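Biologist: Could you take me through the salt bridges in this one? I'd like a close look at a single pair, then the rest around it.

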Amino acid sequence: MNVETDAAQSGAALEIRIDSGEPVLGPRQTCVAKVVHACHSASIDQGLEALAIPGLTRETLEPVLQYCASLKCIADSVTCPACKRRTEVQGIETLDQFILSKKEVIVGDGRVRLRGEGIETVTTPCLETLAKQWSGENYWFWARRVIRKLRHGLRRANMRGEPVAGEGETPSVILVEPQLADNIGMVARACANFGLDDLRLVNPRDGWPNEKARIAASGANYIIDDAQAFGSLEESISDLNWIAATTARQRDLRKPVLTPEQAIAEIRTRIGQGERCGVLFGRERNGLETNEVAYADALIMIPVNSRFASLNLAQAVLLTGYEWMRGDSGRSLGRVTTYEKPLTEGLYMGRDRPANKEELIGLFEHLERELETNGFFNPAHRKNVVSQNLRTLLTRMNATEQEVRTLRGIVATLSQGKGKAQKGGV
């Protein structure tokens, strides 16, 4: 079939053909899902460059995306590999059924193999990944997101931040072999939240730069733009004087074990002396290897529930960043805008002010006078003790001027009857 759209004005629309039950295009019969995946996992331009399909440009891409986004494959009775529609069409509802439908599932380096009854062999980096991805991806949803990027550019692209300190004045955040671009983006967002300007990546699995990371960063673009990728851990830490490695597992290494608070205090002292410092964070699946931890000068172990100690990568960075920001004199409680002034710890007064002693004494006398009129002090010799207790109670409130006026209005209304306090009635 030939998919056409008004958007493809500067080039002829590419023909989508049916081959072996799959929608394909181009001389190498590239599957539509592969086009969607390439443009979704990286930037559109990077995806098109990697695909290198003759005639496939920004101008001719949208018709291909529309084919997937509008699920025209249903009418053509075709599916793409790794698409969720394929497992649905095949009637595969569980992981067990998926494994059984394959000839063999090769896990990791091949030492673990799962054999089924089918003819196709598939690979997966680990069983955890297989459990999450066996049913396939919602490529039609991805296609709709790429169409939005193609038409309108990146969401939040106008949001910009800027570094809060000079080079080397904050600890470097070093992610060792991060597996998911989305996690890198969320780490970047945590870094921006807490003023950690230097993000370093060691062998990111999905390559770098990565558009999915930028989207997940939700506006922390300057962190993403300035992030550096390194080929090895040694390269990433070569200019640092002192590093700490985060870990949830006990290591048989003779190194100081610090909480985030203690580690940040040490880092702040060293940076103040002109040293450059960094914090290592490991892979999402299994953290840092012991030989990587050996490079560290100290270990950071975050206080957690001992029976559930695993933290999400971005959470670990966020907790460390929070400790860093706590000691920063330039920090803010919440956001600061044109209409919102910086806040400090303690009672928020807004436009109000604390009541002065004259106003408080007026409240005491007003309340005691009305209580005496209504026979509250009984027996009479207890009046002094009860009055002292009332004054102590009301003083402890730390009332504002507005609160004192409100309380006096309540006393007047209760003592004079409904509506009479305002009318001057008795």
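Is R115 buried or exposed?

Modeller: R115 counts as exposed, at 63% relative accessibility (buried means under 20% relative accessible area, exposed over 50%, partly exposed in between, using a 1.4 Å probe and protein chains only). Before going on, a caution: this is a predicted model, where local features need pLDDT of at least 70, side-chain atom pairs count only at pLDDT 80 or more, and totals for chains, interfaces and linings use all residues. Residues are numbered from 1 along each chain as its sequence is written, and side-chain values use heavy atoms, with hydrogens and water left out.

Now, the partner of R115 is E104: they form a salt bridge with the closest N and O atoms 3.3 Å apart (that is, a side-chain nitrogen of Lys or Arg within 4 Å of a carboxyl oxygen of Asp or Glu). E104 sits in strand β4 and R115 in strand β5, so the pair links distant parts of the chain, 11 residues apart (strands are DSSP runs of E, at least two residues, and helices are runs of H or I, at least four, numbered from the N terminus).

K102 lies in the loop between α6 and β4, while E120 is in the loop between β5 and β6. K102 is buried at 10%, and E120 is partly exposed at 42%.

Elsewhere, D198, R200, D239 and R276 are linked in a salt-bridge network. Searching the whole structure turns up 24 salt bridges.
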